[in-house]
Amino acid sequence: MKCPECKMEYIEDIPEDKEQHRIYHDQIVNGVPAPQLNSDEIIWQVAQNRIIVVTAYSPMDQKILASTVSRVANQEMHYDGGIYSEYERPDKRNIHLFLYCSGERAIGLSILEKRLNIVRYSWDEYDNGVQKKMEEKEPIWSLGFTWVHKKYRHRGIAKIVLIRAIDYLRVRINEIGLYTPLSKDGENFAKSIFPNNFLIAK
(Lines give C-alpha, C1' and ligand atoms only; values in the text may rest on other atoms or scores of the structure.)
Protein backbone atom coordinates (compact mmCIF):
# COMPACT_ATOMS: atom_id res chain seq x y z
CA MET A 1 0.00 0.00 0.00
CA LYS A 2 1.00 3.64 -0.38
CA CYS A 3 0.58 6.07 2.50
CA PRO A 4 -1.43 9.11 1.32
CA GLU A 5 0.48 11.45 3.67
CA CYS A 6 4.14 10.45 3.43
CA LYS A 7 3.86 8.67 0.03
CA MET A 8 5.87 5.68 1.24
CA GLU A 9 4.96 2.32 -0.25
CA TYR A 10 5.05 -0.57 2.19
CA ILE A 11 3.42 -3.91 3.00
CA GLU A 12 1.20 -3.64 6.08
CA ASP A 13 1.53 -7.33 6.97
CA ILE A 14 5.34 -7.29 7.13
CA PRO A 15 6.47 -6.02 10.58
CA GLU A 16 9.75 -4.59 9.26
CA ASP A 17 7.92 -2.65 6.56
CA LYS A 18 5.36 -1.41 9.05
CA GLU A 19 8.09 -0.17 11.42
CA GLN A 20 10.03 1.52 8.63
CA HIS A 21 6.84 3.29 7.57
CA ARG A 22 6.14 4.41 11.15
CA ILE A 23 9.60 6.03 11.40
CA TYR A 24 9.51 7.62 7.96
CA HIS A 25 5.92 8.84 8.35
CA ASP A 26 6.80 10.52 11.64
CA GLN A 27 9.76 12.34 10.03
CA ILE A 28 7.68 13.57 7.09
CA VAL A 29 4.66 14.66 9.13
CA ASN A 30 6.36 16.04 12.26
CA GLY A 31 10.00 16.74 11.37
CA VAL A 32 13.12 14.72 12.11
CA PRO A 33 13.71 13.74 15.76
CA ALA A 34 16.64 15.81 17.02
CA PRO A 35 17.17 15.68 20.79
CA GLN A 36 19.82 18.16 21.90
CA LEU A 37 23.26 16.56 22.21
CA ASN A 38 26.47 17.68 23.88
CA SER A 39 28.14 17.43 20.48
CA ASP A 40 25.78 19.97 18.88
CA GLU A 41 27.54 23.09 17.61
CA ILE A 42 24.78 25.56 18.46
CA ILE A 43 25.20 29.01 16.91
CA TRP A 44 21.88 30.49 18.07
CA GLN A 45 19.26 29.54 20.64
CA VAL A 46 16.05 31.15 21.91
CA ALA A 47 13.86 29.13 24.27
CA GLN A 48 13.30 25.74 22.61
CA ASN A 49 14.54 26.88 19.20
CA ARG A 50 18.15 26.53 18.10
CA ILE A 51 20.35 26.44 15.02
CA ILE A 52 23.08 23.82 14.63
CA VAL A 53 25.91 24.01 12.10
CA VAL A 54 27.21 20.83 10.49
CA THR A 55 30.36 20.55 8.36
CA ALA A 56 32.53 17.79 6.95
CA TYR A 57 34.40 17.77 10.27
CA SER A 58 31.35 17.44 12.51
CA PRO A 59 30.68 14.25 14.51
CA MET A 60 28.99 11.52 12.47
CA ASP A 61 25.81 11.81 14.56
CA GLN A 62 25.42 15.39 13.38
CA LYS A 63 26.13 14.51 9.75
CA ILE A 64 23.58 11.68 9.87
CA LEU A 65 20.98 14.10 11.27
CA ALA A 66 21.73 16.58 8.47
CA SER A 67 21.48 13.80 5.89
CA THR A 68 18.13 12.63 7.31
CA VAL A 69 16.72 16.16 7.23
CA SER A 70 17.93 16.55 3.64
CA ARG A 71 16.14 13.35 2.63
CA VAL A 72 12.92 14.57 4.23
CA ALA A 73 13.30 17.89 2.38
CA ASN A 74 13.93 16.05 -0.87
CA GLN A 75 10.58 14.30 -0.51
CA GLU A 76 9.22 17.67 -1.64
CA MET A 77 12.08 18.94 -3.81
CA HIS A 78 12.85 15.77 -5.80
CA TYR A 79 16.51 16.50 -6.54
CA ASP A 80 17.80 13.66 -8.72
CA GLY A 81 21.19 13.42 -7.03
CA GLY A 82 19.91 14.02 -3.52
CA ILE A 83 20.82 17.02 -1.38
CA TYR A 84 23.47 15.86 1.08
CA SER A 85 25.11 12.64 2.26
CA GLU A 86 26.85 12.08 5.58
CA TYR A 87 29.67 10.45 3.59
CA GLU A 88 30.56 13.55 1.58
CA ARG A 89 34.26 14.28 1.82
CA PRO A 90 35.75 17.72 2.53
CA ASP A 91 36.35 19.71 -0.63
CA LYS A 92 36.77 23.27 -1.91
CA ARG A 93 33.08 24.00 -1.43
CA ASN A 94 33.56 23.89 2.37
CA ILE A 95 29.88 22.96 2.69
CA HIS A 96 28.08 24.20 5.81
CA LEU A 97 24.62 22.94 6.75
CA PHE A 98 22.52 24.96 9.18
CA LEU A 99 19.75 22.99 10.89
CA TYR A 100 16.86 24.74 12.62
CA CYS A 101 15.48 22.70 15.50
CA SER A 102 12.29 23.40 17.43
CA GLY A 103 12.07 21.40 20.62
CA GLU A 104 13.30 17.94 19.70
CA ARG A 105 12.53 18.18 15.99
CA ALA A 106 14.73 19.39 13.13
CA ILE A 107 12.38 21.33 10.86
CA GLY A 108 14.57 23.61 8.73
CA LEU A 109 17.72 23.38 6.63
CA SER A 110 19.92 25.84 4.74
CA ILE A 111 23.11 24.96 2.91
CA LEU A 112 25.88 27.41 2.11
CA GLU A 113 29.03 26.55 0.21
CA LYS A 114 31.90 28.31 -1.55
CA ARG A 115 31.42 28.93 -5.28
CA LEU A 116 33.67 30.78 -7.73
CA ASN A 117 31.64 31.26 -10.93
CA ILE A 118 29.83 34.52 -10.29
CA VAL A 119 27.60 37.02 -12.09
CA ARG A 120 25.24 39.78 -10.94
CA TYR A 121 21.61 39.90 -12.09
CA SER A 122 18.72 42.26 -11.63
CA TRP A 123 15.39 40.55 -11.09
CA ASP A 124 14.13 41.88 -14.43
CA GLU A 125 17.10 40.22 -16.14
CA TYR A 126 16.57 36.96 -14.31
CA ASP A 127 12.80 36.85 -14.82
CA ASN A 128 13.19 37.62 -18.53
CA GLY A 129 15.81 34.92 -19.06
CA VAL A 130 18.66 37.27 -20.00
CA GLN A 131 21.85 35.30 -20.63
CA LYS A 132 24.98 36.65 -18.97
CA LYS A 133 28.46 35.18 -18.87
CA MET A 134 29.69 33.99 -15.50
CA GLU A 135 33.22 34.96 -14.47
CA GLU A 136 35.59 32.94 -12.35
CA LYS A 137 36.45 35.01 -9.29
CA GLU A 138 37.51 34.65 -5.68
CA PRO A 139 35.04 32.12 -4.17
CA ILE A 140 32.11 33.51 -2.21
CA TRP A 141 29.49 31.85 -0.04
CA SER A 142 26.48 30.72 -2.05
CA LEU A 143 23.07 29.74 -0.69
CA GLY A 144 22.54 26.43 -2.44
CA PHE A 145 19.44 25.18 -0.66
CA THR A 146 16.89 26.26 1.92
CA TRP A 147 13.84 24.42 3.22
CA VAL A 148 11.37 24.61 6.12
CA HIS A 149 8.95 21.86 7.12
CA LYS A 150 5.47 22.66 5.84
CA LYS A 151 3.99 22.80 9.37
CA TYR A 152 6.39 25.62 10.29
CA ARG A 153 6.31 27.84 7.20
CA HIS A 154 5.41 31.54 7.09
CA ARG A 155 7.07 32.17 10.46
CA GLY A 156 10.29 33.73 9.16
CA ILE A 157 12.40 30.66 9.97
CA ALA A 158 14.30 30.59 6.66
CA LYS A 159 15.28 34.23 7.12
CA ILE A 160 16.40 33.62 10.72
CA VAL A 161 18.60 30.74 9.59
CA LEU A 162 20.18 32.79 6.80
CA ILE A 163 20.87 35.77 9.05
CA ARG A 164 22.45 33.60 11.74
CA ALA A 165 24.41 31.64 9.13
CA ILE A 166 26.04 34.73 7.63
CA ASP A 167 26.80 36.01 11.13
CA TYR A 168 28.54 32.71 11.83
CA LEU A 169 30.43 32.86 8.50
CA ARG A 170 31.34 36.52 9.13
CA VAL A 171 30.07 37.86 5.82
CA ARG A 172 27.52 40.50 4.91
CA ILE A 173 24.25 39.68 3.22
CA ASN A 174 25.23 41.44 -0.02
CA GLU A 175 28.38 39.30 -0.22
CA ILE A 176 26.62 35.97 -0.66
CA GLY A 177 25.32 34.49 -3.89
CA LEU A 178 22.47 32.20 -4.88
CA TYR A 179 22.68 28.90 -6.70
CA THR A 180 20.16 28.88 -9.55
CA PRO A 181 17.69 27.92 -10.93
CA LEU A 182 15.30 28.90 -8.16
CA SER A 183 11.95 27.33 -7.39
CA LYS A 184 8.99 29.72 -7.24
CA ASP A 185 9.10 29.69 -3.45
CA GLY A 186 12.88 30.10 -3.59
CA GLU A 187 12.56 33.12 -5.87
CA ASN A 188 10.00 34.75 -3.58
CA PHE A 189 12.29 34.20 -0.61
CA ALA A 190 15.31 35.56 -2.50
CA LYS A 191 13.40 38.67 -3.54
CA SER A 192 12.56 39.35 0.10
CA ILE A 193 16.30 39.28 0.90
CA PHE A 194 17.64 40.91 -2.29
CA PRO A 195 14.88 43.24 -3.55
CA ASN A 196 16.80 44.81 -6.43
CA ASN A 197 19.67 42.64 -7.65
CA PHE A 198 21.67 39.66 -6.52
CA LEU A 199 24.70 37.49 -7.23
CA ILE A 200 24.47 34.07 -8.84
CA ALA A 201 27.33 31.91 -7.60
CA LYS A 202 27.93 28.40 -8.94
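Which residues have the most contacts inside the largest nonpolar core? They are Phe98 and Phe198, in a core of 31 residues. A nonpolar core is a set of buried Ala, Val, Leu, Ile, Met, Phe, Trp, Tyr and Cys residues joined through side-chain atoms within 4.5 Å; buried means under 20% relative accessible area with a 1.4 Å probe, protein chains only. The model is predicted, so local features need pLDDT of at least 70 and side-chain atom pairs pLDDT 80 or more, while totals for chains, interfaces and linings use all residues. Residues are numbered from 1 along each chain, and side-chain values use heavy atoms, without hydrogens or water.

Several elements (DSSP runs; helices H or I of at least four residues, strands E of at least two) each supply at least two residues of this core, including β4 (96-102), α4 (157-169) and β8 (197-201). The largest share, 7 residues, comes from α4. Beyond four places in sequence, the contacts of Phe98 (heavy atoms within 4.5 Å) include Ile43, Leu112, Val161 and Leu169. A second, separate core of 21 residues includes Val32, Ala73, Leu97 and Cys101.

Glu113 lies in strand β5. This residue is buried, at 7% relative accessible area. Beyond four places in sequence, Glu113 is in contact with Arg93, Ile95, Ile140, Trp141, Ser142 and Gly144.

The largest pocket holds about 1,000 Å³ of space. A pocket is an open set of points on a 1 Å grid where a 1.4 Å probe fits, with protein on both sides within 12 Å along at least five of seven lines; lining residues have an atom within 4 Å of a point. Of its 35 lining residues, Met77, Phe145, Thr146, Trp147 and Gly186 are closest to the centre.

Conventions: Buried means under 20% relative accessible area, exposed over 50%, partly exposed in between (1.4 Å probe, protein chains only). Grid points are joined across faces, edges and corners, and a volume is the space filled by probe spheres set on the points.
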